[in-house]
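Welcome, and please open your viewer with the selection panel at hand. We will go from stop to stop, picking a part and then looking at what is there.

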Amino acid sequence: MRKALDTVRGNVLLKHSLIALLAAALVLLVMESVSPFRQGQLAMMAYYAIAAGGLTVLTGLSGQLSLGHGAFMAIGAYTTALLLQEREGALPMIVIILIAALVATVVGAIVGVAAARLHGPYIAGATLALAVAVPGIALHFSSVFGGEQGLNVKVPEVPRLADDALYFLTGTETSTSEWVAYSAWFLLIIVYFLLANLSASRIGRRWRAVRDDEVAASLAGIDLGRDRVVAFVVSAACAGVAGALLALASRLAAPGSFSLVLSLTLLSAVVLGGLGSLLGALLGSGLLALLPNLATSIGSSMGLSDVKAAELSPLVIGLTTMLVILLAPAGVVGSVRQLLAGRGPRATTAAAGTPGAGADTPTVAEPRG
Amino acid sequence: MNRWSRKAALATSMVASAVLVASCGAGGRSESSSSDGAAAENVPGVTDTSVKIGAHFPLTGVAAPGYSEIPSGAKAYFDYVNSKGGIHGRKIEYIVKDDGYVPTNTTQAVNELVQKEQVFAIVGGLGTPTHSAVVDFLNSEKVPDLFVSSGSIKWGDKPSERPMTFGWQPDYEIEGKIIGKYIKEKMPNAKIGLYLQDDDLGADGAKGLKQFVGDQVVKEVKYTPGNTDVAPQIAALQASKADLVVGFNVPSYTALSQLTALKLNYKPKWFYTNVGSDPKLVGSLLAKFSKGAVKDGNSALDGIMTTEYIPGVDSADDPWVKLWTKVWDEQGKDGELTNYRVYGMSQAYAFVSALQASGKNLTREGIVKAIEDGGAKWKGPNKLPFRYSKDSHLGISGVEVVEIKKGIGEPLQDPMVTDLGDAEIKPDSGTAEQAPNESGLPDDIKGAE
Amino acid sequence: MQQLITTLLNGLTMGMVYAAFALALVLIWRSTRIVNFAQAPMAMVTTYIAMVLIEGGLNYWLAFILALLSGFVLGAFVERVIVRPVEGKSDINAVILTLGLFIVLHALAALVFGSDYKSFPAPFGVRGITVGGHSLAITPFGIFTIVAVIVVMLLLLLLFQKTDVGLQMRASAFNPEVARLLGVKVSSMLTLGWALAALVGSLSGLLIAGGNLVHPGYMDSVVVFGFVAAVLGGLDSPLGAVVGGLIMGIALSLVSGYLGSGLVSLAALLILVAVLLVKPGGLFSHASERKV
């Protein structure tokens, strides 16, 4: 029995590692062949995906709806900005990102404890209030946080080691923006690796049990509160990392970056891709990062002014979200998976996948027994 | 999966990865590659027959009233110049992007302009909080950042830190100084309340003002652009019994402060910075708010003091205004000539002067040098001269204090010039505006060879 | 003292608006157990419709009434067409659906009406009232706001308590199965509930807009504050919504006036958390919690 379980677990880990390696190689290939502008867009996709990954685990696997992840991103971004006010003597970038994640985690723990007792619209409303409150705090304490103007971020130079390594691999010099893009993607791979393994582990199974049937889970001895808080903390940490990368990529931490619309579109991206699916989160984030530019081009060619064309993007995202919920609540990845498994696209809940089919783990790789 | 096939899978993946990576160009480091950076001949945005420039403006959002008209004025003047053959044979292509006065959007807009559109320079980017988000980027990418539409001092006080950036309008600190000195001389007993935007616009203005009348200030309130409820701020001013309120704010907030004061029956004397005080615009904003309680148009701001530095549409006899009217008639799109469009044209004139001075061989470093070397002597609609030099990238050196009567600014004092810090304030020594050339172009400026 | 009175009066006026919005949320919750986060942009859209009509030359009051009617229609439409398929199913789906609608309405408004900040007329004049030589920080329009909300609430009360339709609506909300058996057209009652709620929501949107700047996002903070007000009073209780709204209005005005406007959202969050942790059902709840 133990040997079989070990093989399964070993297998999952191996599978995830292989995928991670291939992904890293792919990133190198793609990044080198696109313009700096596209690199910036790819960086955006990466940090959205990190936040979305955390959110999909929270909402999809653990069943807790959060509309406030923009707030955790803001916390990560402002922490980063505060630590990077001077370029000289700044800590290494990776340390800064970890600190940002840590701060977001601490706040996430506090919020998570409060949120663990709420469900449905209450947790939605509370996290909505959080999403609006955090930028307001930054505005109020404007001497520290720079007010509406925000804080400029002085991105540190590319570390010597990384510069050499990347030169070895790609044959070209790396600018700081490129370096940020690379970091974003490598962090994405690492974060998703961790999330996928977490999701396939015992904790992941407990999350799903709590989501599907609180009463049964509680009877089975699962501590509802603690597991919920863990899920919240994990997702807040992801959002903190994403926020740090956002600050580095746009060289700015300002309240305007963390509007209500950000939190809502993040949730939409996750729903579109399929709640609980990391691949879905990645796809949704790709949409978020690339759609605005595309929409503006299409809109302009349709004769709309630039400003109006920019509104096409949220319109499309909102409409698609509504259609997905109405017609295919399992999202793109979820529906495809269901179709492949021979079932129809309608499921009872967006989050549940297929209730009762125990081994259904909507992650990047599926374990096979 | 048995052990063998697992090993095979692992091996295959590693080989695949290695192949992929090698195709990126992996290999030892040789001499420096030449792939990066523009080659010497190719200046971004410049061809023999055209020069492409970009700008970010709040076409929507809380700062849009008024400011969104500036680019249409600039475009009209550029089109006029193009209709006369351009400068040194180059026509000007002008791309404007909306940032809604939100700094995050500005970074995206400027990224697109610099990296996707590959503009030669950014001209007239608007907004203190917004442009602050992109100024470091533009300087590190060595993109000329000319004539920022904002009066923050950081566009020009330290050229060593921001060599590519130039201001244009009088900065808020010198405006504050001149206003402060005027108040000290003419209203020494006034109790001053400050109504400030919560960023450099408010901070720089207050700094200049306090140099002279710091002891007369009884209350300072700040607002954040985006939050349109200023009742707490105005109530606080009222409670402090301030009888003269000096505002460094954008036009929507002028209207809001007026409206709120009406609500609270608070009637101090008002003094607004020139960026927030166009009577026609504020009047039309106010008129909509209530049916008949506040009348439209020019009487809305009567009795309010402000400053000026270029002639506005109400000075119909001014030779520059005649030029702008001609330009707008020929090239303007919808709407009439407003003071914001005049601002846009005046600023555009400065850019065209810079193009002229750079000569046929147009480069990014070249245009910066041209402004530093000759800018202070250029002729233009500005009533006071520029301060451009190697040590200062700040623009117009002073303002004229006026009081608005029937929608027109009546001068209360001669135009004064000064500089940052404790530089003296003195009347302008006569480099006041001269009339424009016959052609309407700055073709008397000698270009660099 | 002057400042305190000003702040309180400001809070009272805003409080009535939050009360109206919270009432809209409560009406929808009672009938379909959904929190309609899209209520804010729905109100925003009807306000824009009013503005277009007024700019086209229509009399303010006529435009006002038409805007309310359009709210009614919009509410019915949203319930029938969009929300019907997810009623009774999982919580999360409904919330996400209303959020999607939130984004769509925002974008549509910006596309159709433009994102500019526009000023919205206030028909009663905007000069503060003077009482016995002291000026009060309340304008005739502010008084109108208070009166309008009270009138609407009384009308709703009459509707629910004294009319047949009201009885049917209450029955449908309380126990749909039994109501159906008794011949009540439950689905129509649900639609009517949403329509009425949207009408009340439109009212709050129009009242905030008067004498203020309007733009596609201007109602967004109201959804947060209105939600907190509704929860504060108890999502099941219309009276609670009104009381909650007033409390929120005054509390937030005090915070804004004395502490700073940036802290207002934080204050709302803290109030919400306090209520949910201490008395999750709200101040006026009568349903008790089910514990396992």
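Predicted model: local features only at pLDDT ≥ 70, side-chain atom pairs only at ≥ 80, totals over all residues.

Residues are numbered from 1 along each chain as its sequence is written, chains are lettered from A and ligands numbered from 1 in the order in which they are written, and side-chain values use heavy atoms, with hydrogens and water left out.

**Stop 1: the two domains of chain B**

Now look at where they meet: 16 residues of domain 1 of chain B are in contact (heavy atoms within 4.5 Å) with 21 residues of domain 2 of chain B. About 1,400 Å² is buried between these two domains of chain B, and carbon and sulfur atoms give 56% of that area. Buried area here is the accessible area (1.4 Å probe) that two parts lose on being put together, summed over both.

How many salt bridges does the rule find across the interface of domain 1 and domain 2 of chain B? There are 2, where a salt bridge is a side-chain nitrogen of Lys or Arg within 4 Å of a carboxyl oxygen of Asp or Glu. Helices H2 (64–67), H5 (128–132) and H13 (339–358) of chain B each supply at least two residues of the side of domain 1 that touches domain 2; helices (H or I, at least four residues) and strands (E, at least two) are DSSP runs, numbered from the N terminus. H2(B) gives the largest share of that side, 3 residues. Sorted by class, the side of domain 1 of chain B that touches domain 2 has 8 nonpolar, 6 polar and 2 charged residues. In this sorting, Ala, Val, Leu, Ile, Met, Phe, Trp, Tyr, Cys and Pro count as nonpolar, Asp, Glu, Lys and Arg as charged, and the others, Gly among them, as polar.

**Stop 2: salt bridges in chain B**

Side chains of opposite charge can pair when their charged atoms come close. Show the side chains of B:Glu173 and B:Lys207, which meet in a salt bridge (3.4 Å, N to O). B:Glu173 belongs to helix H7 (residues 172–186) of chain B and B:Lys207 to helix H8 (residues 200–213) of chain B, so the pair ties together parts that are 34 residues apart in sequence. Is B:Glu173 buried or exposed? B:Glu173 counts as buried, at 1% relative accessibility, whereas B:Lys207 is partly exposed, with a relative accessible area of 49%. Buried means under 20% relative accessible area, exposed over 50%, and partly exposed in between (1.4 Å probe, protein chains only).

Next, select B:Glu336 and B:Lys280, a salt bridge whose closest N and O atoms are 3.8 Å apart. Both residues count as partly exposed, B:Glu336 at 48% relative accessibility and B:Lys280 at 46%.

Finish this stop with B:Lys369, B:Glu372, B:Asp373 and B:Lys390, which are linked in a network of salt bridges.

**Stop 3: a strand residue**

Select B:Val218, found in strand E7 (residues 217–223) of chain B. B:Val218 counts as partly exposed, at 37% relative accessibility. Leaving out residues up to four places away in sequence, B:Val218 touches B:Lys191, B:Ile192, B:Ser240 and B:Ala242.

**Stop 4: where chain A meets chain C**

Show chains A and C: 45 residues of chain A are in contact with 44 residues of chain C. The two chains bury about 3,800 Å² between them, 83% of it on carbon and sulfur atoms. Within chain A, A:Pro121, A:Tyr122 and A:Met322 lose the most area to chain C, together 16% of what that side buries. The count between chain A and chain C is 0 salt bridges.

Which helices of chain A each supply at least two residues of the side that touches chain C? They are H5 (120–140), H12 (260–273) and H15 (312–327). The largest share of that side, 14 residues, comes from H5(A). The residues of the side of chain A that touches chain C divide into 30 nonpolar, 12 polar and 3 charged.

**Stop 5: a salt bridge within chain A**

The structure holds 21 salt bridges over all chains. One of them pairs A:Arg206 with A:Asp227, the closest N and O atoms being 2.8 Å apart. Because A:Arg206 lies in helix H9 (residues 202–212) of chain A and A:Asp227 in helix H11 (residues 224–250) of chain A, the pair ties together parts that are 21 residues apart in sequence. A:Arg206 is partly exposed, with a relative accessible area of 24%, while A:Asp227 is buried, with a relative accessible area of 2%.
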